[in-house]
Amino acid sequence: MRPHLAAIGFHATDPSGLARFWAGLLDWERSGDGTLVVPPDSQGYPLRFTGSRAPKTRQNQAHFDLTSATPEAQREAVARALELGARHIDIGQTPEEGHIVLADPDGNEFCVIGAGNTFLADTGVIGAVSCDGTQAVGYFWSAALGWPLVWDQDEETAVQSPEGGTKLTWGGPPVREKPDVNRLYFELTLPPGADGEAETARLIALGARPGPDGVFLDPDGNEFMLRAVP
């Protein structure tokens with residue numbers, strides 16, 4: 001039985017504060033101790049914010065692409081983000097690209113995509129988790145999650161759950177150097193009754209490397225968590 005993408009994790013200097021930002025921006029609810037942000041439907045994945053003392057010193061390996069139904073909705077989303085504490089940043093984008101690049105209060109980059117983007121149609125408010133990564137890592141995640149490839153061209157790949165929702169994408173080469181732990185990571189859970197040892201062996205055979213405390217590295221060296229559901 002394949003693992004489930006249970007949440008997208010953020011290492012944050014202020015977990016509660018960052019959870020408030022994203023809950024306000026996405027219009028999602030906070031749960032538990034306030035550091036879990038939960039979508040209202042199956043079109044997205046919960047966001048979990050955990051503490052980190054390490055300052056952000058580089059561009060993230062992954063970021064969110066937020067969708068917009070109309071040009072007005074894009075402008076409103078940007079305005080709301082700025083009111084909540086985001087700021088405009090320049091990562092080399094051009095006005096012709098049609099998206100707005102922002103950073104959340106902890107410096108995590110994200111894009112508000114313009115209306116009419118067909119690739120992100122019917123994906124939900126978080127249209128994609130856009131990752132820096134090789135074609136091989138896209139193949140790995142397709143096999144690991146049991147999700148089909150919905151894009152595989154010019155070494156760029158994307159996967160999506162058969163049930164729809166947020167896509168996971170990888171931009172292909174060149175891949176930026178990863179000198180330290182990623183701020184964003186995937187949390188996977190095993191379904192009840194799954195053989196954890198067998199699933200660990202399968203992920204390793206696909207190219208993952210095990211680490212301490214349930215942490216694994218995908219073939220590009222990006223951290224992810226694997227936990228069993230009690």
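1. About 200 Å³ of space lies in the second largest pocket. Keep in mind as you look around that this is a predicted model. There are 14 residues lining this pocket, and those closest to its centre are His4, Leu5, Tyr45, Ser161 and Glu163.

2. Which strand gives the most to the lining of the second largest pocket? That's β1 (residues 4-12), with three residues. Sorted by class, this lining has seven nonpolar, five polar and two charged residues.

3. Now for the largest pocket, which has a volume of about 740 Å³. Its lining takes in 32 residues, and His63, Asp65, Ser130, Thr169 and Gly171 are the closest to the centre. By class you'll find 13 nonpolar, 13 polar and six charged residues in the lining of the largest pocket.

4. β8 gives the most, with four residues.

5. Next, have a look at two helices. α3 (residues 135-145) packs with α4 (residues 196-206) at an angle of about 160 degrees, and their axes are 10 Å apart. Angles over 145 degrees count as roughly antiparallel, so that is the label for α3 and α4. The crossing of α3 past α4 is right-handed.

6. Who makes the contact? From α3 it's Phe140, Ala143 and Ala144, while α4 brings Glu199, Arg202, Leu203 and Leu206. By class, the contact of α3 with α4 has five nonpolar and two charged residues, with no polar ones.

Definitions and conventions: Residues are numbered from 1 along each chain as its sequence is written. This is a predicted model: local features need pLDDT of at least 70, side-chain atom pairs count only at pLDDT 80 or more; totals for chains, interfaces and linings use all residues. Side-chain values use heavy atoms; hydrogens and water are left out. Axes are lines fitted to C-alpha atoms, for helices over the stretch in contact, and angles run from 0 to 180 degrees between N-to-C directions. Angles under 35 degrees count as roughly parallel, over 145 as roughly antiparallel, 65 to 115 as roughly perpendicular and the rest as oblique. A crossing is left-handed if the near helix is turned anticlockwise from the far one by less than a right angle, and right-handed if clockwise. Contact means heavy atoms within 4.5 Å. Ala, Val, Leu, Ile, Met, Phe, Trp, Tyr, Cys and Pro count as nonpolar, Asp, Glu, Lys and Arg as charged, and the others, Gly among them, as polar. On a 1 Å grid over the protein atoms alone, a cavity is a set of points where a 1.4 Å probe fits but cannot get out, and a pocket is an open set with protein on both sides within 12 Å along at least five of seven lines; lining residues have an atom within 4 Å of a point. Grid points are joined across faces, edges and corners, and a volume is the space filled by probe spheres set on the points.
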